[in-house]
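Please find below a note on the structure under review.

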Amino acid sequence: MASEAFEDIVETFEFLDDWEDRYRHVIELGKAMPELEEAFRVPATKVEGCASQVWLLPEIEGTGPGATFRFRGESDAMIVRGLVAILHALYSGQTVADVLKTDAAAELARLGLNDHLSAQRSNGLRAMVERIRLLAAEAAG
């Protein structure tokens, strides 16, 4: 059920067999993402449970389970900003119902991130996924 954008990331990761290259790619994905304006970097959009500062701003179109889920995000850490970009590729454009059905752990495992992120980064990634699922659940009604 992963998006085409996420499948592109999976393919790139399969092509890059060196983890330093993969980390560089994650950082590049983060750099390519539009910046979240300072006005939206507020406690209401901040993700708790991340060692770095992370903000996720939902942009949901429509109502109920068929609403389209999108979000914008930001982090003060380059690698985490890249992780936000990966989650953006995974979730943005799906219905909120599909967001809730997505097994993020399984999809992210396809990238092999679990074995190469620090415990703090893994916890932060889980916190971001939980926030996204919470936002989708609220939007689904």
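1. The model is a predicted one.

2. On overall dimensions, the C-alpha atoms of the protein chain fill a box of roughly 45 × 30 × 25 Å along the principal axes. The radius of gyration of the protein chain is 14 Å, which agrees with the value near 14 Å for a compact globule because the comparison is made for 141 residues.

3. Helix α2, residues 19–32, packs against helix α3, residues 78–91, at an angle of about 75 degrees, and their axes lie 7 Å apart. Angles of 65 to 115 degrees count as roughly perpendicular, and therefore α2 is roughly perpendicular to α3. On the α2 side, the contact is made by Y23, V26, I27, L29, G30 and K31. On the α3 side, M78, I79, R81, G82, L83, A85 and I86 take part. By class, the residues of this contact comprise 9 nonpolar, 2 polar and 2 charged.

4. The largest cavity has a volume of about 50 Å³. Its lining consists of C50, A51, S52, V80, L83, Q120, R121, G124, L125 and M128. Two or more of these residues come from each of α3 and α6, and α6 supplies the largest share, 5 residues. The lining of the largest cavity has 6 nonpolar, 3 polar and 1 charged residues. L83 of α3 belongs both to the contact with α2 and to the lining of the largest cavity.

5. The largest pocket holds about 230 Å³ of space. The residues that line the largest pocket are D103, A104, A105, L108, N114, S122, L125, R126, V129 and E130. Helices α5 (104–109) and α6 (119–140) are the elements that give two or more residues to this lining. Here the largest share, 5 residues, comes from α6. The lining of the largest pocket divides by class into 5 nonpolar, 2 polar and 3 charged residues.

Conventions: Residues numbered from 1 in each chain as written. Predicted model: local features only at pLDDT ≥ 70, side-chain atom pairs only at ≥ 80, totals over all residues. Heavy atoms only, no water. 1 Å grid on protein atoms, 1.4 Å probe; cavity = no way out; pocket = protein on both sides within 12 Å on 5 of 7 lines; lining within 4 Å. Points joined across faces, edges and corners; volume = space filled by probe spheres on them. Helix = DSSP H or I, 4+ residues; strand = E, 2+ residues; numbered from the N terminus. Nonpolar A, V, L, I, M, F, W, Y, C, P; charged D, E, K, R; others polar. Axes fitted to C-alpha atoms, helices over the stretch in contact; angles between N-to-C directions. Parallel < 35°, antiparallel > 145°, perpendicular 65-115°, else oblique. Contact = heavy atoms within 4.5 Å. Rg over C-alpha atoms; globule rule 2.2 N^0.38 Å.
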